[in-house]
Amino acid sequence: MQIDLSEFSSKIHVRPLTTDDFERIVALQQLCFPKLKPWTAEQYAALLERFPEGQLCIEFDGEVIASSSALIVDYDLYSEWHDWKTISSGGTIANHNPAGDMLYGIEIMVHPDYRGMRLARRLYEARKQLVRHLNLRGIVIGGRLPGYNAHKDRMSVHEYVAQVEEKNIYDPVLTTQLANGFEIKQLLPDYLPSDEDSAGWATHLEWTNIDFRPYKKRTVQPVQMVRIATVQYQMRPIASFEEFERQVAYFVDTSGDYRCDFVVFPELFSLQLLSFDRCDQPAAAARRLAGYTPRIIEMFATLAIRHHINIVGGSHFVLEDSTLYNAAYLFRRDGSIERQYKLHSTPAEWKWWGVNGGDRLDVFDTDCGRVCIQICYDVEFPELARLAARRGAQILFVPFNADERNAYLRVRSCAMARCVENHLYAVLSGCTGNLPQVPVADIHYAQSGIFTPADICFSRDAIAAECNANVETLVMQDLDLELLRRHRYKGSTHNWLDRRKDLYQVRFTQNGEETVI
């Protein structure tokens, strides 16, 4: 039976607050700020009436677990010291000025049970996107210092803030704000006198919108940047699933710290689990390994949400009605999950494990463009990339698993050709290391990388980023999807546009429907 991905899927998203959220927001405020008064019905209604776009929340499987509130101000009128009551007009934002130039954040809160999931980053990113959309100069916030009360008898507030900046002290608010690109401008005494945890103090912080244009006429070419991380994973004997999970979580956490939009893992790297759950017969071992796939799916689904990153979770064996497949999974950071079967089994996969090929190729929408997953051998068949490009794919993710250099070069060479033929980026992730006691998975070779079309506007040698061969590591690169789009029409060669469809065509049949390319 096919694994039901809905059992592992969640739904997390940032959305505007509505009038129906009032009671949930008040309950959240009472959890987050038990010593402060929550919004009144009149204040909450005023927020939504005057600036609905600035009032946001994060909903996770139907529960509101974080929120933020803001208004627009004329910065020149509020550049001097001020207090929360003045800047928020007593919580009614009556001073909201649509013609102003700065977004002022007056509140942000995260449910205590969901802290550590980078929810504040999601809200700050949503605020930044709103600022760019409205062409504002930046964001101003008056930040609480909830950790200061425990230190005020030993140091001044200036010393406390300096210690937080040096990372000698962790403050649950200021540490997060600094991590999200805000700069401290000054300290504000009596900002919110009733805030006992902060002893009334707050920080005046700013984030600058580098895309701000005093006049809205476009003066630069647009870009659409996506940050990709690809993992070169070392296969080594391990003692438990928990050890495997820690190794995976390390790479996801690191990619999230560098604010990557995607992190990619290799094909069948879960073979590492057979180093402690041994089976000498390869076909039986593959079917035993398929029993771990639901647990692996659950692990990646949790990591994608917790670290706010889209994960291509490599590929893994799945057993459906006694038929063995090799399937890759895309875990979006909004909690949704997609699956792509490997369509072409290699001779060795069929001989040793009895792996069957799938029968459909999908292109997936994400918050950072359209993507397609082609597992290892699949990228060596150019028809599939043609179909993916026809359906709008911009990035090919290629998890692979190679035993020696020639096998790796087949994958790499074909992936780079697909970039040229279809004006795509290709991201390769492979395994290195050895598993001496695991039949058919004993040695591995990889030089994972991120590849581009071969043209002047891209990286030299069409290599955006590349790992050293056979070393466990991770590389990252920013890719410009807008540059890719322009290249299709303005590149040195127009491979997609110049196809001789009067001489040849590609026909693809899926679910009984035929596509001609």
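Here is a short chat about salt bridges in this predicted model.

Visitor: Hi! How many salt bridges does the count come to?

Guide: Hello! In this predicted model, the count comes to 30 salt bridges.

Visitor: Nice. Which residue does E59 form a salt bridge with?

Guide: The partner of E59 is R15, and their closest N and O atoms are 2.8 Å apart.

Visitor: And where do those two lie?

Guide: R15 is in strand β1 (residues 12-16) and E59 in strand β2 (residues 56-60), so the pair ties together parts that are 44 residues apart in sequence.

Visitor: Are E59 and R15 buried or exposed?

Guide: Both E59 and R15 are buried.

Visitor: Switching topic: what does R288 meet in a salt bridge?

Guide: The side chain of R288 meets that of D277, at 3.0 Å from N to O. R288 sits in helix α8 (residues 282-290), while D277 is in the loop between β9 (262-264) and α8. The two are eleven residues apart, and the pair links distant parts of the chain.

Visitor: What about D365, which residue is its salt-bridge partner?

Guide: That is R370, with the closest N and O atoms 2.7 Å apart. D365 counts as partly exposed at 46% relative accessibility, and R370 counts as partly exposed at 28%.

Visitor: Last one: which residues do shared partners join into one network?

Guide: Salt bridges with shared partners join R15, D21, R24 and E59 into one network.

Conventions: Residues numbered from 1 in each chain as written. Predicted model: local features only at pLDDT ≥ 70, side-chain atom pairs only at ≥ 80, totals over all residues. Heavy atoms only, no water. Salt bridge = Lys/Arg side-chain N within 4 Å of Asp/Glu carboxyl O. Helix = DSSP H or I, 4+ residues; strand = E, 2+ residues; numbered from the N terminus. Buried < 20%, exposed > 50% of the residue type's maximum accessible area, 1.4 Å probe, protein only.
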